[in-house]
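Please read the following report alongside the sequence and the coordinates.

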Amino acid sequence: MGKFLSMKDQLTLEEKSALIHAATVFDSGGVERLGIPGLRTSDGPNGVRQDFEDDRIVPIGDTTEFVTWMPSNTCLATTWNPELAGRFGEVLGEEARGRGKDVILAPGINIKRTPLCGRNFEYMSEDPELVSELVVPLIRGIQKNDVAACVKHYALNNQELERLSVEAVIDEKTLQELYLPAFKKAVQDGDSYSIMAAYNRYNGEYCCCNKHLLVDILREMWGYQGVAISDWGAVQETDATADHGVDIEMSVAPPFNEYFLADPLIAKVKAGEIPESKLDEKVERILRMLDKLKVDEPDRKQGVYNTPAHQQVVEEVAEEGIVLLKNDKNHLPLSPLKKDGKPKKIMVVGDNATRNNGIGGGSSEIKMLYNITPMLGLKMTRGGDVSYTWMPGYYVDNEKHLSVNDEWQEMSEERAEDFSGEQPKLSYAEIVSMLVMYEPPKLEGEEAKKDYEERILPHQKEYREEVLKAIPDYDEIIFIGGLNHADDVEGYDKTTLALPYAQDELISAMADAAGEKLTVVLICGSAVEMPWADKVHSLLQMSYAGQNAGTALAKVLYGDVNPSGKLPESYPYSLADTPTEKYGSYPGTFFLDTGEEISDEKVREMGLKAYQTGHRRCEYTEKLMVGYRYYETEKVEVRFPFGYGLSYTDFDITDCETEVYGNLGNDLAIEVRGILKNTGARAGKQVVQLYIGSPEKDQPVKLLKDFVKLSAAPGEIVPFRLSLTEEDLATFHTEDNAFSTVSGEYKLYVGTSVKDITYETKVSI
């Protein structure tokens, strides 16, 4: 028995309660009498967040907390590289320990159900297999440094719209096969020491006290012994949370002793309404984790941050997280010189060429040591005699809303006084709602029209005309645009997949004027529409790729690095093509507690009162048909398919053969072997992907089940092996409440994307 776990029987009721709720905005409580410390937590997936005052989400302004800004989880997933994910995790864990943290609130692994979700940039993929293969080494890497990963958000946090109250209504088969597999891998194979329960409801009950999620599945089916932590402000009641809910309640504001698992819980235990043994279960898990983390032990890892080794890893992730989408004229990689040997004049266009996208976005915002923007990276990489000129190209009209965290801080300060006095102005739940569901105000009606005509439109025209007029004077035009954290942001969803700030019109006009000398780079956290794509010959996509993103992009553009990223999600032609639009299953319908259905317009009109008297229900009627599963099954064409990404070299997959070992219930294994050959003139990396088609009805026609990323020099032949087990073929059968594999004919597909299949076969099981 560990040092802290041995103290369990010495704790008083009040001391047990102190351990299971927050003592500050980011720390849980401790027991000073016994020397049991609270847990020090921090956001998040992109690096260790700055520290805040104990009782407000207001930075303390410490000048020693500048950290490495790491690529987003989407960028990491785009690498399709589990080994790199493990090294990424080691950096994140080492930096968290270097900053004195016990728990890093990462990684985020919710399935990208709709590209409208504002928080998609923090998540990995639309596919659970890809997420699973990356999250396990990522978690192990974090926890090698004696800091706990806190995998999130469990579960079904697939939209930010009304995230505090929305109810996900989903059948058990879809839940088990699509939305939970990565969480299962995270806690079983990754041994994540903690897991964060989500804000939303699932089938009528909040996730933080959802018996089916937290007990039936997490504890009993998966055998999880780790700590369940609430999202900040997600606990809604005392009784159910004490009985079958999270172990630690965290939130965004004081008074901490009034949290549901604080004084109200103590009172109920003393009144005999809740058995003290329920606290004992939670306390035991917390103390066990303290022992695992070697808290207060002399051999505990101390961590470091901002090291050259860390910077090298994040640059490698950024490099492999760039996807070459088009290069049909072989214009890329760029040469800094013209045919006559003289340096080129290059015009760089777009706000994202110079914007610091590490600031804003919600809890993923980072106080980074440095940031190499794309413009800086280009100059650092080829900045001798090459002449660069930057032009904005498009006007960012909502600049003041880009750093959402600043708004949260201001609101935090304003709301502090609302708690004071004998009769607080607002309830605890109302203040939490305002602090974690912030959405920037929007102009509407005549006011919005006037603002557009008088402020926005003149700037748009001016910037566009300036670029179009200058194009003939330059040898290369590089457009760097996309989204920013006004759209890719925690707290609310997008309403369109169109690029903001009239970028589509600008890119189309630039393509007409520049022709082959135009290269487009889009920075975005999930799929966007590209109505101009057929006009553009050179196109790259990158996510928020961390502090070395500019260097990575420049190296790819100039050919120092051969792009090897693969899309972790499908890019549809339009929002109308997406499954949630086809099924009408997003954003759901708002119902008052009386059962009356009301319109979204009425919800906005009612404001906070709507959430006091009702909530939105979102039925997942598309079931398993999410992302490529839908597009492939229903034969819906997409702009760029799942798993897609080009290279500056060429690869062939040949000599594939399949062998089946064993049989059902007796060590069944399927192995696909083949040869990858680099037939081009450059060294590069290719991802070989294995999909299956199940004989069962209502299954998607293709499901990713294995992949491998291989390096090959020009002319090199590299053998590969992909494998399947009986578990990989299994589907969830509700009548047995378990996964099992049926006999029948399975189809196997090997290729370089879900569409680019080079080998097909069938096996009978």
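## The surroundings of Ser 570

Once neighbours within four places in sequence are set aside, Ser 570 is in contact with Glu 126, Ala 527, Gly 627, Tyr 628, Tyr 631, Phe 640, Pro 641 and Phe 642, where contact means heavy atoms within 4.5 Å. This is a predicted model, in which local features need pLDDT of at least 70 and side-chain atom pairs count only at pLDDT 80 or more, while totals for chains, interfaces and linings use all residues. Residues are numbered from 1 along each chain as its sequence is written, and side-chain values use heavy atoms, with hydrogens and water left out.

Ser 570 belongs to the loop between α17 (549-557) and α18 (579-582); helices (H or I, at least four residues) and strands (E, at least two) are DSSP runs, numbered from the N terminus. With a relative accessible area of 5%, Ser 570 is buried, a term for values under 20%, with exposed over 50% and partly exposed in between, using a 1.4 Å probe and protein chains only. Its side chain makes a polar contact with the side chain of Glu 126 at 2.9 Å, and a polar atom of the Ser 570 side chain lies 3.4 Å from the backbone nitrogen of Tyr 628. A polar contact is a pair of N or O atoms within 3.5 Å; within protein, one must be able to donate a hydrogen and the other to accept it, and residues adjacent in sequence count only if both atoms are side-chain atoms.

The buried residues are Ala 549, Gly 550, Thr 551, Ala 552, Leu 553, Ala 554, Val 556 and Leu 557, and they pack against α11, β9 (322-327), α12 (374-381), β12 (476-482), β13 (518-523) and β14 (538-542). Just after α17, Gly 559 has a positive phi of about 85°.

## Packing of α3 with α11

Helix α3 (residues 82-98) packs with helix α11 (residues 308-320) at an angle of about 140°, their axes being 10 Å apart; axes are lines fitted to C-alpha atoms, for helices over the stretch in contact, and angles run from 0 to 180 degrees between N-to-C directions. The contact is made by Leu 84, Arg 87, Phe 88, Val 91, Glu 94 and Glu 95 of α3, together with His 310, Val 313, Glu 316, Val 317 and Glu 320 of α11.

## Phe 52

Phe 52, in the loop between β1 (41-42) and α2 (73-78), is buried with a relative accessible area of 8%.
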